[in-house]
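Here are a few exercises to work through with the model open beside you. Take each task first, then follow the solution step by step.

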Amino acid sequence: MLSRDLELLHLVREAALKYLENESRMRILIAEDDAPLATLIAKAFKAEDHVTEVAASGDDALQRIKKDTFDLLILDLNLPVISGSEVLRKVRKTNADIPILILTATDEVAERVACLDAGADDYLTKPFSFSELSARIRAVLRRKKQPGQAFLKVADLELDYMQRTVHRAGRTIELTPKEFGLLEYFMRNPGQHITRNMIIEHVWKLSPDTMTNVVDVYVNYLRKKIDEGAKVKLIRTVRGVGYEFGVNEGAAEED
């Protein structure tokens, strides 16, 4: 009886680990003032197990991007308050990595060229099918994962996504897959206030408020491996918020 219980426990544990390691879920911001269309796109992506938010104006979109982190921005050009093209320019000034797909009602070459030159990764002309939108997004994400995007460096810490290696000041640091994913997320968002819920969504790919205590455990693991013995500490706990990563002497800390 005991051996059967242990076997069942092992199977449950393995299934849980496979679920936690799932890297497919994205957090998507849909900036679209056409409410029925935005709802349709959001429902379609939710059916694919992604997390979606909708911004009905350019100003709303910029506020959401400023306070949170997304894996993808779907951006309509014809937004109220602040136009989609202006949102594109503002986002690209501070975030060079987020994939951006433009939705446009016109098929003018000049407009498409202007968007691509301003930093858009692709565009889609209305009306469109969701299957084409999904396919274009997959293509954009594949391009974003090319080796040229895979090397990260913050201070003397270096991460190579393709080789799956981490070095600090010439020292090799061995990380588990989840520690590696957590460090990559930190390094892609230096200087940002990162909440535990954001880490759960982007690293564990789970819904907010799910087992957030696990985040603290893994952050402590990571701290010991990359900061212990180092003169400059890269991981800081920010009171009432979560964490901040990078070199920032003036951050509010909680040891």
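A cut-off to keep at hand: a residue is buried under 20% relative accessible area, exposed over 50%, and partly exposed in between. Please also remember that this is a predicted model.

**Exercise 1. Find which residues the cis peptide bond joins, and say where the proline lies.**

Solution. 
- Step 1: The bond links Lys 126 to Pro 127, with omega at about -10°.
- Step 2: Pro 127 belongs to the loop between β5 (122-125) and α6 (130-144).

**Exercise 2. Work out how many residues of helix α8 are buried, and look at what follows the helix.**

Solution. 
- Step 1: α8 spans residues 196-204, and seven of these nine residues are buried, leaving the helix mostly covered.
- Step 2: The buried ones are Met 198, Ile 199, Ile 200, Glu 201, His 202, Val 203 and Trp 204.
- Step 3: After α8 comes Lys 205, with a positive phi near 60°.

**Exercise 3. Describe the largest nonpolar core: which members touch the most others, and which elements supply it?**

Solution. 
- Step 1: The core has 29 residues, and those touching the most other members are Leu 157, Leu 183, Phe 186, Ile 199 and Phe 245.
- Step 2: At least two residues each come from β6 (151-154), β7 (157-160), α7 (177-187), α8, α9 (213-226) and β12 (242-245). The most, six residues, come from α7.
- Step 3: Zoom in on Leu 157. Beyond its neighbours within four places in sequence, its contacts include Leu 152, Val 166, Leu 183, Ile 226 and Phe 245.
- Step 4: A separate core of 20 residues includes Ala 61, Ile 65, Leu 88 and Cys 115.

**Exercise 4. Summarise the whole chain: how many helices and strands are there, and what share of residues is buried?**

Solution. 
- Step 1: Count nine helices and 12 strands.
- Step 2: Of the 255 residues, 42% are buried.
- Step 3: The accessible surface is about 13900 Å², with 53% of it belonging to carbon and sulfur atoms.

Note on methods:
Residues numbered from 1 in each chain as written. Predicted model: local features only at pLDDT ≥ 70, side-chain atom pairs only at ≥ 80, totals over all residues. Heavy atoms only, no water. Buried < 20%, exposed > 50% of the residue type's maximum accessible area, 1.4 Å probe, protein only. Helix = DSSP H or I, 4+ residues; strand = E, 2+ residues; numbered from the N terminus. Areas by Shrake-Rupley, 256 points an atom, 1.4 Å probe, with all protein chains shown as cover. Core = buried A, V, L, I, M, F, W, Y, C linked by side-chain atoms within 4.5 Å. Contact = heavy atoms within 4.5 Å.
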